[in-house]
Amino acid sequence: MKSKRLFWLLAALVFGSLITTGILFSDTHPALFWTMEGIAALSLILFVSLYRRLIKPYHILLNGMELLNEQDFSNRLRLVGNDEANRLIEIFNRMMTELKNERLQVRETNRFLDLLIRASPQGVVILDFDERISEINPAGLILLKINDIETVKGKKIGESDFKLAADLAGLESGDDLIVRIPGQAIYRCVRSSFADRGFDHPFILIEELTRELMRIEKASYERIIRMMSHEVNNSIGAIGATLNVVSDILRQTQDSDWQDVLPAVSASFERCGNLARFTSKLADVVRIPEPVRADLSLNELVRSVNALTRIECRKRNISLSLSLADPDTIIRADGIQLEQVLVNIVKNAYEAIGHDGRIRIVTTADPPSVTVEDNGPGIPEEIRKQLFTPFFTTKPSGQGIGLMFVREVLNNHRMAFSLTSQNGCTRFEISV
């Protein structure tokens, strides 16, 4: 507004000077008086014309700049009586319309992306330019077991302690990593970025592959076990019958040379029986029935497991103790299957300890859970990652089906579980 005041001040000075000069010469030089008055009138017309052509369009455009500075793209500038200024105003108004449309499009796109991210079954962790967590969508909060985003917001991933934090912290741009949490879940973690104000804005996608991979894995080993069982049982039946006949014949012969062969035939017949039982155990893993759920006392279940395993623990000089929740918790589960799961876990614990150790079974009521702890040698990380993999075992005479059974039963019950080993304590926790 300062230029407008200066302009009209200049106009007033010029017009006033001309009028004053004309008045001074009005008595002595009438012709000069009228000349000065005419020049004053022309100057006034000229100043008004200049105001309309220069000052007014300038201030209109200046107001437009203020609108642009305030990012108010809804208003438009009025045309003035100046073709050149009107061309500028039309260009400015068209620019404002395009900016408004682009802003609306960006808002709609951002709104759509926000809804898409929130509805996505994939977890999305968005980082700021300083590698700090700025946002996590609902699926990500569930996958990472984060109850409140405010507990991790503003922190670097490596500074957090949520699930998968250590694996996500090590990702570089473009990395595509499969993370397997023993016995629980399998995740695909991808780190990428998008352009934001000319800089790379990083984000991480987390996809759970557990169900699909376990379905493929189970279908594969079921097919292998069925094929193997068919072939082995057919062969064992024929071989066993033949060995049985040969054994009867050898028992009836009096030739001492043939009598020496009889122990080998008997051992072969027994070996066939062992192989049949082994194949049967594999087939049992495939044929685990759906759980028959009923009301079950968690403490009574643990007491039953204690009764089944304490004799073997006593033989190994292993202390087996119980820490039961008070009050007791009633759960809905298949008691037979869940009991066998806990027996397998305790069996693994005392076999890992060998002799002279401690095993403790703990139950909690809120939330309901049962935990088996032992002070054995622990489980190395490289082995822990492979546990619950079909047929994987570290035992010389193991078959790798015990933890397969545990995983299948707990998954059928929709029970979460975890196996950790640190600071001289191995814990198998089941959320029932």
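**Notebook: salt bridges and sheets**

I started with D295, which is exposed, with a relative accessible area of 57%. The cut-off I used for "exposed" is over 50%, so D295 qualifies. I'm working from a predicted model, so I keep that in mind throughout.

**Entry 1: who does D295 pair with?**

I looked up its partner next. The side chain of D295 meets that of R332 in a salt bridge, at 3.3 Å from N to O. R332 sits in strand β8 (residues 330-333) and D295 in strand β6 (residues 294-297), so this pair ties together parts that are 37 residues apart in sequence. R332 has a relative accessible area of 48%, so I noted it down as partly exposed.

**Entry 2: other salt bridges**

How many salt bridges does a search of the whole structure find? I got 14.

I picked D176 and R188, whose side chains meet in a salt bridge at 2.6 Å, N to O. This pair links distant parts of the chain: D176 is in strand β3 and R188 in strand β4, 12 residues apart. Both ends are partly exposed: D176 has 44% relative accessibility, and R188 has a relative accessible area of 33%.

Then I checked D114, which forms a salt bridge with R111; their closest N and O atoms are 3.9 Å apart. Both residues lie in helix α3 (residues 83-119), 3 residues apart, about one turn of the helix. D114 comes out as partly exposed, at 32% relative accessibility.

I also found a network: R360, E373, R427 and E429 are linked by salt bridges.

β3 (residues 176-181) and β4 (residues 185-196) run antiparallel, joined by 6 bridges. I181 has A185 in β4 as its bridge partner.

β4 also pairs with β5 (residues 199-208), in the antiparallel sense, over 10 bridges. There, C189 is partnered by I206 in β5.

**Entry 3: the open sheet**

Next I went to an open sheet of 5 strands, in the order β7-β9-β10-β12-β11, with mixed pairing. Its edge strands are β7 (318-323) and β11 (416-422), and each of them pairs on one side only. I noted an average twist of 10 degrees from one strand to the next.

Going through the pairs:

- β7 and β9 (residues 357-365) are parallel, over 6 bridges. S319 stands opposite R358 in β9.
- β9 and β10 run antiparallel, with 7 bridges joining them. I361 has V372 in β10 as its bridge partner.
- β10 and β12 are antiparallel too, joined by 6 bridges.

Is β10 largely enclosed or open? 6 of its 7 residues are buried, so β10 is largely enclosed by the rest of the structure.

A reminder for myself: in a regular strand, side chains alternate between the two faces of the sheet.

What lies across this sheet? I found helix α10 (residues 335-353) lying across β7, β9, β10 (368-374) and β12 (425-431). The helix runs at about 150 degrees to β9.

**Entry 4: a nonpolar patch**

Last stop, the surface. L6, L9 and L13 form a nonpolar patch there, with about 300 Å² of accessible area together. L6 belongs to helix α1 (residues 2-24).

Methods
Residues numbered from 1 in each chain as written. Predicted model: local features only at pLDDT ≥ 70, side-chain atom pairs only at ≥ 80, totals over all residues. Heavy atoms only, no water. Pairing = 2+ DSSP bridges. Helix = DSSP H or I, 4+ residues; strand = E, 2+ residues; numbered from the N terminus. Axes fitted to C-alpha atoms, helices over the stretch in contact; angles between N-to-C directions. Contact = heavy atoms within 4.5 Å. Patch = residues over 30% accessible without salt bridge, like charges linked within 9 Å, V, L, I, M, F, W, Y side chains within 5 Å. Areas by Shrake-Rupley, 256 points an atom, 1.4 Å probe, with all protein chains shown as cover. Salt bridge = Lys/Arg side-chain N within 4 Å of Asp/Glu carboxyl O. Buried < 20%, exposed > 50% of the residue type's maximum accessible area, 1.4 Å probe, protein only.
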